[in-house]
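Colleague: I have not looked at this one before. Can you walk me through it?
Modeller: Here it is.

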Amino acid sequence: MKTLKQMLADKSRPLAVVAPSDTVFHALSVMAANNVGALLVLDGEQLVGVFSERDYARKIILQGKTSKETLVREIMSDKVAYVTPSSTVDECMALMTEKHFRHLPVLSDDGAVVGMVSIGDLVKETISSQQFLIAELERYIAS
């Protein structure tokens, strides 16, 4: 199974990020433009949080706030679990399952942001790995 370093090398699109001082409306626009369900919140180059569709649904809509007047810092998740490039798909899946979230920032050992993985990325990699294993077993059995 691949490490996150290998998975991130295959990803071609740039990271979708916002600043804590951006409005929620702007963050939603960035999410829509990048077709993602969560954004990294960076203060300069420092990861300070994650903003997700779940944050929007629970902290804007249900609390009667407006996205054009609320800042990302007011509703982002600021206690962020993260993984490193050497983490495995299985480790990430276990963490996501335990903590009930769908996106994980990937930070280098010095704390620099190197990417983000979603549950969809991990499921896709798991399926690909299983298909490869099945094909190898079929070849072995046939020979």
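Modeller: One term to begin with: buried means under 20% relative accessible area, exposed over 50%, and partly exposed in between, with a 1.4 Å probe and protein chains only.
Colleague: OK. How much of the protein chain counts as buried?
Modeller: Of its 143 residues, 34% count as buried.
Colleague: Where does the model come from, and how are things counted?
Modeller: It is a predicted model, in which local features need pLDDT of at least 70 and side-chain atom pairs count only at pLDDT 80 or more, while totals for chains, interfaces and linings use all residues. Residues are numbered from 1 along each chain as its sequence is written, and side-chain values use heavy atoms, with hydrogens and water left out.
Colleague: How many helices and strands are in the protein chain?
Modeller: There are 6 helices and 5 strands. Helices (H or I, at least four residues) and strands (E, at least two) are DSSP runs, numbered from the N terminus. In sequence order the pattern is α-β-α-β-β-α-α-α-β-β-α.
Colleague: And the dimensions?
Modeller: The C-alpha trace spans about 65 × 35 × 30 Å along its principal axes.
Colleague: Which pairs run parallel or antiparallel?
Modeller: Strand 1 (residues 17–18) and strand 2 are parallel over 2 bridges, and V18 stands opposite V41 in strand 2. Strand 2 and strand 3 are antiparallel over 6 bridges, with A38 opposite S52 in strand 3.
Colleague: What happens at G44 in the hairpin of strand 2 and strand 3?
Modeller: G44 takes a positive phi near 70° there, and the hairpin has 2 residues between the strands.
Colleague: Why is strand 2 described as largely enclosed?
Modeller: Because 5 of the 6 residues of strand 2 (residues 38–43) are buried. Strand 3 is mostly covered as well, with 5 of its 7 residues buried.
Colleague: Switching to helices. At what angle do helix 5 and helix 6 pack?
Modeller: Helix 5 (residues 89–99) and helix 6 (residues 119–142) pack at about 135°, their axes 10 Å apart. Axes are lines fitted to C-alpha atoms, for helices over the stretch in contact, and angles run from 0 to 180 degrees between N-to-C directions. The two helices are therefore oblique to each other; angles under 35 degrees count as roughly parallel, over 145 as roughly antiparallel, 65 to 115 as roughly perpendicular and the rest as oblique.
Colleague: Which residues of helix 5 and helix 6 meet?
Modeller: V89, C92, M93 and M96 in helix 5 meet I119, L122, V123, E125 and T126 in helix 6. Contact here means heavy atoms within 4.5 Å.
Colleague: E125 is on that list. Is E125 buried or exposed?
Modeller: E125 counts as buried, because its relative accessibility is 11%. Leaving aside neighbours within four places in sequence, E125 is in contact with K2, M7 and V89.

Methods
Two strands pair if DSSP finds at least two bridges between them.
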